[in-house]
Amino acid sequence: CTCNAGYTGPDGGNCTACDAGQYKEERGPVSCDTCPAHPNAPPASTNLADCVCNLGYFASEDGVACTACDAGTYKDLSGTGDCASCPDNTASEAASTDSLNCTCLPGYTGADGEACTACAAGQYKPDPGSALCTDCPANTNSPSASAHLENCTCNAGYTGPDGESCSACEHGTFKPSTGPGACSSCPANANTTNVASTAHSDCLCDAGYHGSIANAAEDSCTACDFG
């Protein structure tokens, strides 16, 4: 009396089923063989062909070796079949086994396993996953899909470091560009009506002075004459 295929034990003795992930093709007392790396097989398997790829792995062309699904893909069934791509604007680690392993890229928000949408301009999100986007600090803005706090830069008319709240340019100064640059001063004898001015043309001649301030090359505020 010898053990059947799929079972192992001494001749004339009790036989036990090969464990999951093992197989035995012949009768007799020989030991069970282990499936190649990353496949699995049900208990008492009798053939190498019973070894099928685990979740997160796909079969090679010869059907024997199993390779991990690439990052950004997943496979939620054992056996044959290809890895599926994660939804738009999501990513997963290699050998992922479920669509829920696909989480939003930095700068994007949404539910795990679903396509994610870009954070709106004026927001950012540094971490992957389903967390909500965060608003930029006061008086700053950012492009859509921003992934870093430092993408939040000062609005025109404001100055300060990237990623921090920005302060309005004071009276007599202006700043036409976004970013961390300093405010520029109006020409002599000129001032601005409001703080946070954004253009050179916001500079107006002071009371008692007249002239043209169309651009920096034509700055001229001259004192009114006697009388």
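Me: How many helices and strands does the secondary structure of the chain come to?

Reply: In this predicted model, the chain has zero helices and 26 strands. The radius of gyration is 35 Å, well over the 17 Å that the globule rule gives for 227 residues, so the chain is more spread out than a compact globule. Along its principal axes, the C-alpha trace spans about 130 × 30 × 20 Å.

Me: What share of the residues of the chain count as buried, and what share of the contacts with a separation of 6 or more comes from residues 24 or more positions apart?

Reply: Of the 227 residues, 31% count as buried, while residues 24 or more positions apart account for 21% of those contacts.

Me: Which residues make up the largest nonpolar core?

Reply: That core has six residues in all, namely F174, C186, A190, C203, I213 and C221. If you take C203 and leave out residues up to four places away in sequence, you will find that C203 touches F174, C186, P187, A190, N191, T192 and I213.

Me: Where is K175, and which side chain of opposite charge is nearest to K175?

Reply: K175 sits in the loop between β21 (173-174) and β22 (184-185). A salt bridge needs a side-chain nitrogen of Lys or Arg within 4 Å of a carboxyl oxygen of Asp or Glu, and K175, although buried, has none, the nearest side chain of opposite charge being D162 at 8.1 Å.

Me: What lies at 2.7 Å and at 3.0 Å from a polar atom of the side chain of K175?

Reply: The backbone oxygen of Y158 lies 2.7 Å from a polar atom of that side chain, and the backbone oxygen of G179 lies 3.0 Å from a polar atom of the side chain of K175. Leaving aside neighbours within four places in sequence, K175 is in contact with several residues, including C154, N155, C169, C183 and T198.

Me: Why does A145 count as partly exposed, and why does A196 count as buried?

Reply: Buried means under 20% relative accessible area, and exposed means over 50%. A145 counts as partly exposed because its relative accessibility is 24%, whereas A196 counts as buried because its relative accessibility is 18%.

Conventions: Residues are numbered from 1 along each chain as its sequence is written. This is a predicted model: local features need pLDDT of at least 70, side-chain atom pairs count only at pLDDT 80 or more; totals for chains, interfaces and linings use all residues. Side-chain values use heavy atoms; hydrogens and water are left out. Buried means under 20% relative accessible area, exposed over 50%, partly exposed in between (1.4 Å probe, protein chains only). Helices (H or I, at least four residues) and strands (E, at least two) are DSSP runs, numbered from the N terminus. Lys and Arg count as positive and Asp and Glu as negative; His and the chain ends are not counted. A polar contact is a pair of N or O atoms within 3.5 Å; within protein, one must be able to donate a hydrogen and the other to accept it, and residues adjacent in sequence count only if both atoms are side-chain atoms. Contact means heavy atoms within 4.5 Å. A nonpolar core is a set of buried Ala, Val, Leu, Ile, Met, Phe, Trp, Tyr and Cys residues joined through side-chain atoms within 4.5 Å. The radius of gyration is taken over C-alpha atoms; the globule rule is 2.2 Å times the number of residues to the power 0.38.
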